[in-house]
Amino acid sequence: MKKLSQTVVSAIVVGGLLAGCSTQSEGGNTSSAVPKQTDNAVKKEEKVKLTFWRNSGNDTENAAYDKLVASFMQKYPDISVEMTPIPYSDYDTKLRVSIASGSPPDIMALDAPTVGSYANAGALKPLTTYFKTDGNIDDVPKSTLATYTYQNEIYMAPLTESSIAMFYNKKMFQAKGISLPSKNPDEPWTWDQVLDAAKKINDPASGIFGIDPAQGFGNAGGTAYFKYPIIWQLGGEIMSPDGKTSKGFLDSPQTKKAIQFFSDLYNKDKVSALEYPPDPFPNGKLGITIDGSWSLANLKEKFPNFKLGEDYDIAPLPKGTAQAVANGSWALGISSKSKHPDEAWKFVNWVTGHDGQKTYAGMTKDIPSRYSAAKDFPELNEYPKNIFVIQNQKYGRPRPITPIFPQMSDAVNKMFEDVTIGKRNIDASIAEAITTIDKAYADVQAQQKK
């Protein structure tokens, strides 16, 4: 999630448009059906043609993909890859329509949280055997692979990672005599320490607040991404491991404690605000913020006088009983309808393997998902980017893997809003969220049985 991509797969996607997708791959290379002839024109027709859809990125991302496709076809001249970049706003709809009509691309780029919906609907081919055969599976953190695993099968191959950390105003800390947090990814502050620092910095009368703990209350997919770790860090859970229910997890004592702690930052301790002025952190109106690795470049470009090491620094995410960060970004999957899954895997493995990740990340400055590729970039092994890398590799956790991820995400975000903004009873808010989530799952199951 370099830029927090909003997951927009709806219940209609899972239960309607995707319901007709086969769970079995048609598999196999059909080139053997072509008569053996020596004519050059016939030989050209024997070339395997793969279609690849992805969301259109910025110029650098597009150039990186262009380079990878070109290098693949040079390496495998018997395979042609037709890549189609689609604007992000249209991508999900067009992909769903192609799947529902029975003509999906052989290879598709998907955001990590969508794996449950597409896999549950039978739209993706399992990649577990491919990974174990020649995918260098041990080079990918187990927690990262778990993000793309549904019902014990790996369905997508990760290309990059994203991560979040604690950004803090160094000068504010020093002015208040607050000891600076450790830069060691394995030595985070506790949330109690963070709260203590936020209280010392907090000065609402001057328009200065101690902390923005989770990027406010914007779109559900984006801000929920920041809220899940707080639940995990304080020992809570969101859904069952099988992604079927939130009962017994979202209403656990640990999860309730995390939600109450979050609400107290706004309503009891008053170190957080529901609204901030534009760019409060670089403009000196916010002492601590939780933000992503992608913000480093943004701060450097837009606020050149707000310097890393002088004005602000970065520390690992706070912990309660455990360290935790949400992982997962865009990855590549193979359609269950592809007639050339072996060739499609060659391409997927080319792009997401060590060399492919090194090429892509070298151009885009993203974080590679593989250990080996990350090691090849000196800046990723040094402060501050090593914090993001090591957190993901050692403490990363999948967001709930479920076919109803969008509905779950909306329900969780609404729960936080109701408790924090509406000051609603926490038990009532959680109960409503569980009802919403469980009904969404039941609806999907019912639709698939039709």
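A polar contact is a pair of N or O atoms within 3.5 Å, where, within protein, one atom must be able to donate a hydrogen and the other to accept it, and where residues adjacent in sequence count only if both atoms are side-chain atoms. With that term in hand, one can read that the side chain of serine 369 reaches the backbone oxygen of proline 158 at 3.3 Å.

This is a predicted model, in which local features need pLDDT of at least 70 and side-chain atom pairs count only at pLDDT 80 or more, while totals for chains, interfaces and linings use all residues. Residues are numbered from 1 along each chain as its sequence is written, and side-chain values use heavy atoms, with hydrogens and water left out.

**The chain as a whole**

- The chain has 18 helices and 15 strands; helices (H or I, at least four residues) and strands (E, at least two) are DSSP runs, numbered from the N terminus.
- Of the 450 residues in the chain, 55% are buried, where buried means under 20% relative accessible area, exposed means over 50%, and partly exposed lies in between (1.4 Å probe, protein chains only).
- Among the contacts in the chain with a separation of 6 or more, 78% come from residues 24 or more positions apart, a contact being heavy atoms within 4.5 Å.

**Helix H11 and its two packing partners**

- Helix H11 (residues 253-267) packs against helix H17 (residues 405-420) at an angle of about 45°, and their axes are 9 Å apart; axes are lines fitted to C-alpha atoms, for helices over the stretch in contact, and angles run from 0 to 180 degrees between N-to-C directions.
- H11 and H17 are therefore oblique to each other, since angles under 35 degrees count as roughly parallel, over 145 as roughly antiparallel, 65 to 115 as roughly perpendicular and the rest as oblique.
- H11 passes H17 in a right-handed crossing, a crossing being right-handed if the near helix is turned clockwise from the far one by less than a right angle, and left-handed if anticlockwise.
- On the H11 side this contact is made by Ile259, Phe262, Ser263, Tyr266 and Asn267, and on the H17 side by Met415, Phe416, Val419 and Thr420.
- The residues of the contact of H11 with H17 divide into 6 nonpolar, 3 polar and no charged; Ala, Val, Leu, Ile, Met, Phe, Trp, Tyr, Cys and Pro count as nonpolar, Asp, Glu, Lys and Arg as charged, and the others, Gly among them, as polar.
- H11 also packs with H18, at an angle of about 115° and with the axes 11 Å apart, and the crossing of H11 and H18 is right-handed.
- Lys256, Ile259 and Gln260 of H11 meet Ile426, Asp427 and Ile430 of H18 in that contact, whose residues divide into 3 nonpolar, 1 polar and 2 charged.

**Arginine 424, between H17 and H18**

- Arginine 424 lies in the loop between H17 and helix H18 (426-449), and it counts as partly exposed because its relative accessibility is 30%.
- Not counting residues up to four places away in sequence, arginine 424 touches Lys414, Asp418, Val419, Ser429 and Glu432, and a polar contact of 3.1 Å joins the side chains of arginine 424 and glutamate 432.

**The surroundings of serine 369**

- Serine 369 is found in the loop between strand E14 (367-368) and helix H15 (371-375), where its relative accessible area of 2% makes it buried.
- If its neighbours within four places in sequence are left aside, serine 369 is in contact with residues including Asp139, Val140, Pro141, Thr144 and Pro158.

**Backbone features**

- Most residues other than glycine have a negative phi, and most peptide bonds are trans.
- Asparagine 136, in the loop between helix H6 (128-134) and helix H7 (142-147), has a positive phi of about 45° although it is not a glycine.
- Lysine 270, in the loop between H11 and strand E10 (286-292), has a positive phi near 55° and is likewise a residue other than glycine.
- A cis peptide bond, with omega about 5°, joins tyrosine 383 and proline 384, and proline 384 has its place in the loop between H15 and helix H16 (385-395).
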